[in-house]
Amino acid sequence: MFKVNENYLKLPGSYLFSTIAKKVNAYSQANPDKKVIRLGIGDVTQPLVPAVIRAMHDAVDEMGDAATFRGYAPDLGYGFLREEIAKKDYQERGCPVEADEIFVSDGAKSDCGNIQEIFAPDSRIAVCDPVYPVYVDSNVMAGRTGDYDEARGTWSRVIYMPCTAGNHFVPELPGERPDLIYLCVPNNPTGTTLNRDQLKVWVDYANETGAVILYDGAYEAYIAEEDVPHSIFEIEGARTCAIEFRSFSKNAGFTGVRLGFTVIPKDLKSGDVSVHSLWARRHGTKFNGAPYIVQKAAMAVYSQEGRVQLKDQVAYYMNNAQIIYKGLKEGGYQVYGGVNAPYIWLKVPDHMTSWDFFDWLLEHANVVGTPGSGFGPSGEGYFRLTAFGTYENTMEAMERIRRLNG
Ligand code: MLT
């Protein structure tokens with residue numbers, strides 16, 4: 001009889017956002033008259049901007065002409081896009097990143113989930129708690145996380161770095177030594193961030209201890225404050241200890257289009273072995289390149305016109321963030337995030353768990369959010385709302401929450 005990968009059997013429940021979707025669908029089916037507002041998963045609602053649409057149409061036309069048709073894309077990404085990313089996202093910010101250190105993919109989620117494959121099976125991972133569940137779940141699947149303690153919601157071989165109101169949601173250096181450190185900055189789910197000095201502490205620590213920082217910068221476009229770095233490669237020393245993941249989902253609305261990239265500096269080595277070459281090997285074997293149409297669309301993100309249009313789109317979502325933040329504050333909630341990130345993290349009333357609050361809000365306000373405990377044990381007692389809804393729905397959701405409190 002064949003055998004399955006038993007690590008999968010250790011995973012508790014389904015993926016967080018699938019569980020939420022199932023609950024919400026069941027509620028909607030039982031209550032077809034209720035208009036449910038979804039501020040749970042961080043999925044965008046605004047259409048692709050005109051510059052992107054035009055670039056996509058042009059690329060579709062090229063694909064319809066024998067003279068310009070293209071088959072498989074280069075597995076690591078088209079040169080035109082890798083050059084543009086290196087220049088506009090990195091070199092113009094003073095980061096020493098070259099085009100051949102950029103790996104274009106179908107999104108940051110896939111890369112964040114897959115990157116662990118190129119590290120030793122017994123690597124110890126450190127994660128913030130609460131944390132984007134992909135980092136932990138993908139290591140569970142690889143058999144790296146030990147045993148699950150159901151009562152605590154923790155894995156025996158995972159090093160947790162609690163991020164609580166007590167430490168302003170800033171992770172502290174771990175007591176035990178990790179090999180791989182996942183950091184998401186600006187943070188999903190707490191919406192908080194690290195400034196330059198705080199990030200430098202992590203880079204120095206990783207270089208001193210021989211760890212790798214797996215730096216998820218998916219929310220970079222939402223950074224508003226001056227002293228928050230847009231890339232870990234702004235920090236001296238990062239080239240020998242960091243990998244950065246970036247996404248076109250949140251800065252350009254590509255959640256349904258799919259595109260992202262990973263930066264692996266050639267200076268990142270384990271002994272003589274270059275991590276860059278391992279990832280190139282993995283990418284070449286398992287990935288056939290992101291579509292030409294999508295990579296051409298991404299070029300428009302960096303155009304003058306695209307930049308202006310996308311700045312407006314980010315401002316639209318951040319206006320929602322302000323509406324949620326202020327509305328909740330006025331309602332007496334303790335609220336965090338929402339300044340450099342499109343997520344608002346709130347403390348739920350004392351007598352409730354995160355899931356109690358989820359059910360209560362769905363039932364009484366028909367508003368969907370994400371329970372903090374779904375992101376890890378330190379998320380218990382908290383709740384996440386996303387600013388990616390429409391302005392109208394955000395206003396209405398806040399009005400409904402205000403009425404509940406009133
Ligand atoms: C989230 O809601 O945390 C994100 O949308 C998930 C993702 O980007 O995969």
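**Close-up views of a predicted model**

**View 1. Strands S7 and S8 pair side by side in this predicted model.** Strand S7, covering residues 180-184, and strand S8, covering residues 212-216, pair in the parallel sense, and the pairing runs over 5 bridges. Within this pair, isoleucine 181 stands opposite isoleucine 213, the latter belonging to S8.

**View 2. The open sheet that holds S7 and S8 is built from 7 strands.** Read across the sheet, the strand order is S2-S10-S9-S8-S7-S3-S6, and the pairing is mixed. Strand S2 (102-105) and strand S6 (158-162) stand at the edges with a single partner strand each, so one side of each of these strands is left without a neighbour in the sheet. On average, and with direction ignored, neighbouring strands of this sheet are turned by 20° against each other.

**View 3. Helix H6 packs on the sheet.** Helix H6, made of residues 133-141, touches strand S3 (125-129) as well as S7 and S8, and the direction of H6 makes about 145° with that of S3.

**View 4. Helices H4 and H10 cross with their axes within 10 Å.** Helix H4 spans residues 79-90 and helix H10 spans residues 292-301, and their axes cross at roughly 30°. Because angles under 35 degrees count as roughly parallel, H4 is described as roughly parallel to H10. The crossing of the two helices, H4 and H10, is left-handed. On the H4 side the contact is made by Phe80, Leu81 and Glu84, while H10 contributes Tyr292, Gln295, Lys296, Ala298 and Met299.

**View 5. Valine 257 occupies the loop between helix H8 and strand S10.** Leaving aside neighbours within four places in sequence, valine 257 is in contact with Leu48, Met56 and Val294. Valine 257 and aspartate 106 are 151 residues apart in sequence, yet their C-alpha atoms are 8.6 Å apart in space.

**View 6. The whole chain, shown for orientation, contains 13 helices and 17 strands.** Taken along the principal axes, the C-alpha atoms fill a box of roughly 60 × 55 × 50 Å. For 406 residues, a compact globule would have a radius of gyration near 22 Å, and the 21 Å of the chain agrees with that value.

Terms used
Residues numbered from 1 in each chain as written. Predicted model: local features only at pLDDT ≥ 70, side-chain atom pairs only at ≥ 80, totals over all residues. Heavy atoms only, no water. Axes fitted to C-alpha atoms, helices over the stretch in contact; angles between N-to-C directions. Helix = DSSP H or I, 4+ residues; strand = E, 2+ residues; numbered from the N terminus. Parallel < 35°, antiparallel > 145°, perpendicular 65-115°, else oblique. Left-handed = near helix turned anticlockwise from the far one by under 90°. Contact = heavy atoms within 4.5 Å. Pairing = 2+ DSSP bridges. Rg over C-alpha atoms; globule rule 2.2 N^0.38 Å.
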